[in-house]
Amino acid sequence: MKKYSKLIALLTVAVFVLGFAGVAFAADQADTAANRLKTLGIVEGDPSGDLRLDDSITRAEFAKISVMAAGLEDAAAVLAGSQPQFSDVKANVWYTGWVNVASAQGFIKGDGDGTYRPNDEITGAEVVTVLLRLLGYNDNLSGNWPVDYIVKAADLEITKDANFTANVPAVRGDVFVMAEATLGEDVMEWDAEKAKFVDKYDDATSLLADSYEGVSDDGIVGNVNWDDGVMKVDVVTVKDDKVKVTSYEVAENAVVSGAPSILAMAGSEFDYILNDDDEIIYAEATSTDVVTDDEMTYDDSAEKITIDDETYDVLDGMQVAYGDGDNYDLVDGDYAKSDKVTVILEDGDAKWAVVTNYSDPSIFDEVDGDYLTFEEGSGDVDLDGEDYQIVKNGALVSVDDLVSGDLVYVFPGIRGLDYLIVASDQVVSGNLDGFSSARDKITVDGTKYDIDKSAGTVDALVSDDDGDNYGTNSTLDKNMVDEAINVILSPVGDAVVIVSDVDASEDFYGILVDTNDSGWANEAKVFTAAGDKVVYDLDTDKVTISGSSITDGPVTIADEEFFKFELNNDGEIDAIAEAGNNSYATDDTSSRIELAGTWTRITDDTVIIAKDSDGWIVTSWDIFKDSSAVDSGNDASTNNFVAVVDGNEVDYIVYGGVVTDSGNYGVILNTGYNADGYYYDLVSDAEEVRYSVSDSAYEGIAKGTAVDFTLSDGDIDTISAISGIVENYKVVSSGSDYVKLIKLVTSGTDKGDEVANSEKYFDTDDETAIVDASGSTKKVVSSVARGQVVSVYEKDKDGFVGYIVINEDSVADFIGASSGSGSGDVASGDYTVISFNVTTEILALKDADDNVKTFGIPSAGSTLVEETDGTVTDITNSTELNAGDEVNITLTEGTTDVTYITVKVDN
C-alpha cells in the first residue's frame, strides 16, 4: 500500500510558531476588545455567552458596563432594592442596582424630566460621555454637550478604532472597543484653583489599575512549561535597559487572542492581564521586532551578537530560550546551525533570542488504544499514564485531532512533561525545479525551501516511489526534477518530507450506473457528484470490468454503488476505492445528522445525492432531511444510505431511496394575471420570486399571507395558507440575530394591551425574510421596528425563524384594525371575475387597474348572485359565475365578505 497517498489532500492551514518570533497575529478590534472585557468580567453576553457585537445596546446595559469598569459591582448588589431617583426605573429590576450606582457616581444623569429611559438604545455621544465621566472628566470640559465630550474622547483616541457616530444608536462592538480603550487612560479630577483637569493620583494611574486588582502589562513569552498539569509562562520584560524574567501560572479559564495558544506565542510580544492571584487570565499576541537566520554569533567582550550579517548591542540580562523549555545565558562564540535562530529587538538592541530545533520527523498513522503509531519515523509512543501535551499548528489539541499523514515530532522529557508532541500539516504541492548540490535546499514552482536540518545535519524523509519507501536527502535524484512532488514543511517552514512519483490526480465521487450497455467493452457510466451522467473509458491495466461491476485489485464496485475514483492524464478511470460510512442516520431539525453515534455537520458544500421518479439527482438538505432517508435505522449495509465525512463535516450523502419536494414556504407579496395566466409574487428563502399557477391551483389567497406550496416543473402545483408560531405580537426589541416579542390582547376593551409574562425570543439570520404587509403594497424590508405588530412563521431551517410578517405599523393601527379577513384594501364596486373556489369559499376578482382582490364567502347560502337574466341564486349553486364575468359586488359593512353579486356582463 502507498502510505503517502493520504497526504495529497492536506492543505496549509496554519503555521506553528513555537519559538518562532516575528509573527503578527491578526485579530479583529471588536473581538479583541470584547475578549478583554469578558475576561475582566465587565461584559458577559446573552444567556448563551454570545456578545452580539453587531447589535445595539440599551442605556441600562451600558449603565452596568460603566459600573463594572469602575470596579463597583458589589455596590450594585447592595443598591438593587433601593428606591431609584428616576421615575421610570423600578426597584428590584435586574438593572436597578447598576443604574443606582451609575447615577450616584455621576456617570449618568438621565433626562431633565426625571426619567432615564433604561430600555432605549444608547447613542455614541452618550457612550463617550459616560466613559469620560469614569475617568473623572465632567461638564467643566470646554464647550457645549455633546461636542465637549466628543472632542475630548477623540483627543484621548478613545474613538480612534471604533465606527463612531454621535447621534445614532451605538453598536455593541464599537462600544466595547471604546470601553476597552478607556481602561488604559489615566484617572483625572477637576482642580478648581488651576481651572483644569489634573492627574488624580499624580502617578498616571489608569482606570484599569484604579478599579481592578490585577495587573495589565506587555512583554515577551520567553518559555512555556507545565508543572503538575498547570501551564507556566516565563514573561520577559525590559526596564532601564535590563532584562527581567518573571514566571506566571496561566489560569484555567484564560482567554487567548490573536494566536492558537499561549505556547504559539513563544518568542513573540504579547499583552497580558493578571488576576488577583497573579495568574494570566488574558493573553493577546502583538507584533514583534525580530531578526531571523539559521545561525548567530556572540562576542562576549564587545557584548554584541551578529545575525543575518547585522550586529546588535545586547541588553543586560539577555538570554537564549531553547526548545527544551529552559533559558540559557549567552555564551561567547558560534551558535551551531539550527532550524532557526530568532532575535527579538527593543529600540534596535537585542533583548532575547530563541533557538528552535526539530529533529527526527515522523509521519503519523493512527491511535491504537493508548499508543500513537507512525507510518514512518518514530516507534510507537505509549501515552498510558503519561503527562503529555499535543500541539498541532500552534493549538493545544487532543489525540483525536491528529490525522493520518500529519508530520509529528515527539519530544520526551521536556517542558515539565513526559512527552511534548508537536504536529503540523503544512503541505506544498508542485513541480520540483531543482535542488542544491549539498541537497540542503530545493525549489518548488519557483519558491525555495531549506531542507530540514538539525544541529547542522541535514535531516529529512525523502521518497521517490510514492511513499512506499523513504530514504535520506541522498535519495533526491535528477530524475525527480520537473516531476510532481509533495513537500511537508516543518513548523518553521523547512522541507521535512519530500515525495516524488505522486499520482496527484484529483479524487472524484460518483455512482456507478452501468458498465456494459450497448456492448461496451472498456467503459463505465457514472452519475457524478456534479449531477451529470458521464461515460468514462477505463485504464484496463488497472481497472477492469467484471459483469456489472468494475474491479481494481481487491476493490470491486458494483452497479448503483457510490465510490471514489481517479482519472489519468488521458481522462481514463485508473483507480477506484470504496467511499462512505456504512452507518445509520437519525432525524434532526438542525443541519446535522448522527452517524455511528456522532453528530456531524451539514455545510453549504455538502453534496446530497438521492433519487426521484426518473433516477439519480443532486438534491438539497431541506428536501433530504424531510424524507424517510434520515429515519433511525436506515443502515447503509442495505445500500440505502452512505455518508462521506471529513472531520466533523459531511462532504457527501448518498441515499438509495426516492425523495420528493415536501413543500416550500413563503409570503405572498402580490397576485395577478398576465399572458401566462395567474401568478403569485412570493418572498421565499429570503428572495422575491414569481411563480405561475394553473387555474385549478389558484386559490386567490390574500397578499401578506404566509403559505406552504409545492412545485411542478417550476410552477406552483398546490398552495395553502399556514398559521404562524405566534400571531399578533408586539416587537419589544430586535437585533441582527434575534427579535423579542410580547403578545397582545386581540379582542374586547383590552385589545392591544400586553399580555403579562408572554415575552418570547426568536433567533433570526440573514435568511429570515421580513415582509411588511401593513399597507396596500406588500414589500420585503430589512428590519422590524419597536412597537410594530407582527406574526412569526416557522420554516424548518436550523432552528431560525423563516418569516416575520408585519401586520400593523403600530399597536394603534392594530387596535383600530377591522376584525374582518381578506386583503384589507377592497371595497364594494365593479370587478372582473378571476376565479371562485367553492371549497375554500374564496372569490378572486380584479379591479379596473388589474389589481387582484380576494373576498370571503361567509357561509353557504348567505351570498346571492343576480345573473344577467334576473335569476337570483345561492353562489354555491350558481353555474353562471365564470372567469371574465363583469360583476358588481356588495360587502358586509366593515369586512371583506361578499353578500350580493350582480353579474353585469356574462362571459
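In this predicted model, the side chains of Arg172 and Glu61 form a salt bridge, with N and O 3.6 Å apart. Arg172 belongs to helix α7 (residues 172–183) and Glu61 to helix α2 (residues 59–69), so the contact ties together parts that are 111 residues apart in sequence. The two partners differ in cover. Arg172 has a relative accessible area of 7% and is therefore buried. Glu61 reaches 24%, so this residue counts as partly exposed. The pair is one of 23 salt bridges counted in the model.

A second salt bridge joins Arg786 to Asp120. Here the closest N and O atoms are 3.9 Å apart, which falls within the 4 Å limit for a salt bridge. Arg786 sits in the loop between β54 (779–781) and β55 (789–797), and Asp120 sits in the loop between α4 (96–104) and α5 (124–134). The pair therefore ties together parts that are 666 residues apart in sequence. Arg786 is partly exposed, at 47% relative accessible area. Asp120 is also partly exposed, at 26%.

Tyr388 has a relative accessible area of 28%, so Tyr388 is partly exposed. In sequence, Tyr388 and Asp418 are separated by 30 residues. In space, their C-alpha atoms are 5.7 Å apart.

Asp240, Asp241, Asp289 and Asp347 form a negative surface patch. One member, Asp289, is located in the loop between β7 (279–285) and β8 (290–293). Its relative accessible area is 44%, so Asp289 is partly exposed.

Another member of the patch, Asp347, belongs to the hairpin of β15 and β16. This hairpin has 2 residues between its strands. Asp347 takes a positive phi there, near 55°.

Strand β15 spans residues 340–346 and is mostly covered, with 6 of its 7 residues buried. On one hand, β15 pairs with β8 in the antiparallel sense, over 4 bridges. Within this pairing, Val291 has Val343 of β15 as its bridge partner. On the other hand, β15 pairs with strand β16 (residues 349–356), again in the antiparallel sense, over 7 bridges. In that pairing, Leu345 stands opposite Ala350 of β16.

Taken together, β15 has antiparallel pairings with β8 and with β16. Asp289 lies in the loop that leads from β7 to β8, and Asp347 lies in the hairpin of β15 and β16. Both aspartates contribute to the negative patch, along with Asp240 and Asp241.

Terms used. Residues numbered from 1 in each chain as written. Predicted model: local features only at pLDDT ≥ 70, side-chain atom pairs only at ≥ 80, totals over all residues. Heavy atoms only, no water. Patch = residues over 30% accessible without salt bridge, like charges linked within 9 Å, V, L, I, M, F, W, Y side chains within 5 Å. Areas by Shrake-Rupley, 256 points an atom, 1.4 Å probe, with all protein chains shown as cover. Lys, Arg positive; Asp, Glu negative; His and termini not counted. Charge placed at Lys NZ, Arg CZ, Asp CG, Glu CD. Buried < 20%, exposed > 50% of the residue type's maximum accessible area, 1.4 Å probe, protein only. Pairing = 2+ DSSP bridges.
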